[in-house]
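Here's a friendly walk through a two-chain model, one piece at a time. Keep the 3D view open and follow along.

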Amino acid sequence: MQVSSNELKTRIIASLKLQDITPDQIEDDAPLFGTGLGLDSIDALELVVMLEKDYGIQIKDIEEGRPAFASVRTLAAFIEAKRSS
Amino acid sequence: MAPRLPVITGVGLVAAPGYSVSEVWHAITMNENGLKPLSLFSSPRYGHIPVGQIQIDLVKLGAPSRGSRTDRLGWLAAREALLCSQINLTGFGDRAGVLLGSSVGGSFDSERFLTQLIKKGKMRPRPTRFHECASAVDLIADDFGLFGPSMAVATACSSGALAISTAAELIQAGEADVMLAGGADSLSRMTWGGFHSLLLVDPGGCRPFDAGRAGMSLGEGAAVLVLEAEETARRRGAKILARLVGWGASCDAHHSTAPHPEGAGALAAMRAALRRAGLEPGAIDYVNAHGTGTRDNDLVEAKALKQLFGLRIPPFSSTKRFFGHALAASGAMEAVLCVEALRRQEIPPNPGFSAPDPAIGLQPVTELQRARLTHVMSNSFGFGGNNAVLIFSTPETTADTVSPKPGIAAITGLGVIGPGAITIRQIEPPLPAGKVLTHDCGPLAEAASLSANQRRRLSRMVQMAILAARRSQTSGRPGRMAVAIGTGFGCLDEGAAFLENLISKDEREPMPTRFPNSVHNAPAAQIAIDLGAHGLNCASTAGEISFETALWQAMSQLSNGEADCVLAGAVDELNNYPLGIGQRWRLWDEQTRPGEGAVVASLSRSEPASIPLARVTVVRLGRYRRPFDAQREVDWITAAVDLKTVNILLSGAKGWPALDPLYNSVAAALSARAGKAIEHQTYKQACGEFYSASAFGFAAAVDLARRSGRGVLLYTLSSRGGKALCCVQP
């Protein structure tokens, strides 16, 4: 099943309480961490919680999630791969 | 004056693998760790994961049945340390104190209350009496008759080490001859759920420095050392176990949980400890590493060790797998192991290590080893980039420890986030419902000046502290900066929200942002990040004298030349907890209203370029006796302050009603002793009643001293038994 990138962006904004930012301001390929949105390791953990709550995907080791959190596009692909496996 | 060198004459330890120092050392020689699946409370998601839980009923070991689990652990370690030192405390009176690190205090017991509240809607206020981190300190002081300085240090995982170094400074400064110092922490749902929410727990048990390490193991326990001035120990013929020759503290000022990637803070703390001890790195024979087993900590600690020691890295080990990481107790437990290592001339091993990590490039000691040990180092690093390092030496060494130069601090700036108008706060059921008139800070007007990340991530209480700290800054670069912030309850809102969510959702959907925000040192750590303060970073607590404990730390940093500028302050927030408890005890009435706020003062030792607001000349901490004796209090005050120089006594009266007659009797006795009228003034009618309200008293004292041109005595009594004195001069 295709993951809507707009829906994913909305969920990222809500789970991280990002202020003054709308889904269309986040590029699909822009880096989420470091530069780009400037997120950090605690935000990554919030995304882990969001993935479990909204998509039923459990991550037990943050190393596993690290490549997936590169951008919205990689995260959507990760969710799709997890759902179909 | 000859330097007052701190020596160790007693040690006590209770942990999962053993309930005394010798039992624990026996477990170490047998290479037996205490990690087993959790049974202390139910954990639907993580109960199978090994943890360093103490399996025996603590009351059976002789601990008092009152108090929290943490209180009992601390009490047991204190009793063993006192027996070991063979000291008779009755002769010491005001000259003996207690200082423990704690990160969760009585959380385990108050969580049971919270679980009932959430799941059954029932309220039992008793367990919450022991919730505070200072609870163990008060229990020990009352039970063993200690009337010297007492406080709890709450800087997460470095608390135990920082408590020991602070106790050493109290002895060096001449404020005490004997200090019980260490740390105590019990397991709790809060920290259990918290570290799991950060994905920092290794499901197979921690493997420090190993290539396959995947996190820490949690544990619980307590350790207490008897620190004495060397002359006191020699006079009573005590056996000296070891010397504490060096200690150093620093702050990464980098991130709330992640260490500085190059280990800059860890390195700075180790260097500061060596400097204080007058030792070169090559003199260190063994390092007890922090070594939690998380990927980041061990890598960064190894980097710092390599930078400090170069190619000649002394034997090192992390002993965390023996106990689990007992948070605030851990630094004190490892200090006891260092003393034992010196006594036995043996190096404890690093269980859990099997495969070297190429990224680390270092191998710890893996089996108990005989060695010639003269100087050993113990590392403790905590949340908020809070680092503390201790150096112990054999009794035969001649210590070259730097002595403090006591002096006066100039107040160069004062930042206050105080109550605006009087508002009405609603207490939410299932707490007793109702409305209370409060002194509330309301919306924070300057919050817009905070960064986007500070606004979305930090709690209101931490924001209050940052804004007060910013207001205390005057122009010009202050040089090396340290931060000491007192708090009575800590970040209760964050902790309560995290726990309520954890309990009501059975550990699903945790709140990883809230957990690091819930530690007592979150305000101090975030101030350090905001202002780039890399010196000591301390959070301390002791009921109504919480602010003064921070002020004492600040003065000590300046006296010891460890900082050019120290931000000393306090913060507490108003929420349903103090509102509800106060209402139960019928505390809130027309005269006494609950309040909140943050105050930060910028202090410097050298005379600043511009005229300071005022000067702090004296800060003293202690405990009062029951029945209360006003003449004894006046003796205590006049031992430090010349009454000719003061005209006003500023007290915490008109808050907690039981304290009012005590304050009034001291005010009367003080005037009689001075032979002149010393005016008794109060401040709580303006800021409301809360634990760190005396920080507002301090701000008022600065204002009064400036306007009157006369000295002001700030005298504070704690409902928990502590007392504090601060003298502000124009």
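## Chain A

Buried residues make up 26% of the 85 residues in chain A. Here, a residue is buried if 20 or more other C-beta atoms lie within 10 Å of its own, exposed if 12 or fewer, and partly exposed in between, with C-beta atoms placed from the backbone. Before going on, note that this is a predicted model, where local features need pLDDT of at least 70, side-chain atom pairs count only at pLDDT 80 or more, and totals for chains, interfaces and linings use all residues. Residues are numbered from 1 along each chain as its sequence is written, while chains are lettered from A and ligands numbered from 1 in the order in which they are written.

What is chain A built from? It has four helices and zero strands, and from the N terminus on the elements run α-α-α-α. (Helices, H or I with at least four residues, and strands, E with at least two, are DSSP runs numbered from the N terminus.) Chain A has a radius of gyration of 12 Å, close to the 12 Å that the globule rule gives for 85 residues, so it is as compact as a globular protein of that length. That radius is taken over C-alpha atoms, and the rule is 2.2 Å times the number of residues to the power 0.38. Along its principal axes, the C-alpha trace of chain A spans about 35 × 25 × 20 Å.

The model scores ipTM 0.93 and pTM 0.97. Chain B averages a pLDDT of 94, and 98% of the residues score at least 70; pLDDT is the predictor's confidence in each residue, from 0 to 100. Where pLDDT is low, the predicted coordinates should not be read in detail.

## Where the chains touch

How many residues does each chain bring to the contact? Chain B gives 16 residues and chain A gives 14 residues. Two residues are in contact if their C-beta atoms, placed from the backbone, lie within 7 Å. On the chain B side, the largest share, three residues, comes from helix H12 (residues 452–457).

That side of chain B divides into eight nonpolar, five polar and three charged residues. For this sorting, Ala, Val, Leu, Ile, Met, Phe, Trp, Tyr, Cys and Pro count as nonpolar, Asp, Glu, Lys and Arg as charged, and the others, Gly among them, as polar.

Take helix H2 (residues 69–85) of chain B: its 17 residues reach 25 Å from first C-alpha to last, close to the 24 Å expected at 1.5 Å a residue. The expected span is 1.5 Å times one less than the number of residues. In H2(B), 15 of the 17 residues are buried, so the helix is largely enclosed by the rest of the structure.

Gly310(B) follows H9(B) and has a positive phi, near 65°.

## Strands in chain B

Is E13(B) mostly covered or uncovered? E13(B) is mostly covered, with eight of its eight residues buried. His375(B), Met377(B), Asn379(B) and Phe381(B) point one way from the strand, and Val376(B), Ser378(B), Ser380(B) and Gly382(B) point the other way. E13(B) pairs with E9(B) in the parallel sense over three bridges, and Tyr286(B) stands opposite Val376(B). Two strands pair if DSSP finds at least two bridges between them. E13(B) also pairs with strand E14 (residues 386–393) of chain B, in the antiparallel sense over eight bridges. In the hairpin of E13(B) and E14(B), with three residues between the strands, Gly384(B) takes a positive phi near 80°.

Now find strand E1 (residues 6–15) of chain B: 10 of its 10 residues are buried, so E1(B) is largely enclosed by the rest of the structure. Nine bridges join E1(B) to strand E7 (residues 221–229) of chain B, running antiparallel. Ile8(B) stands opposite Leu227(B) in E7(B), and its bridge partner in E8(B) is Ala242(B).
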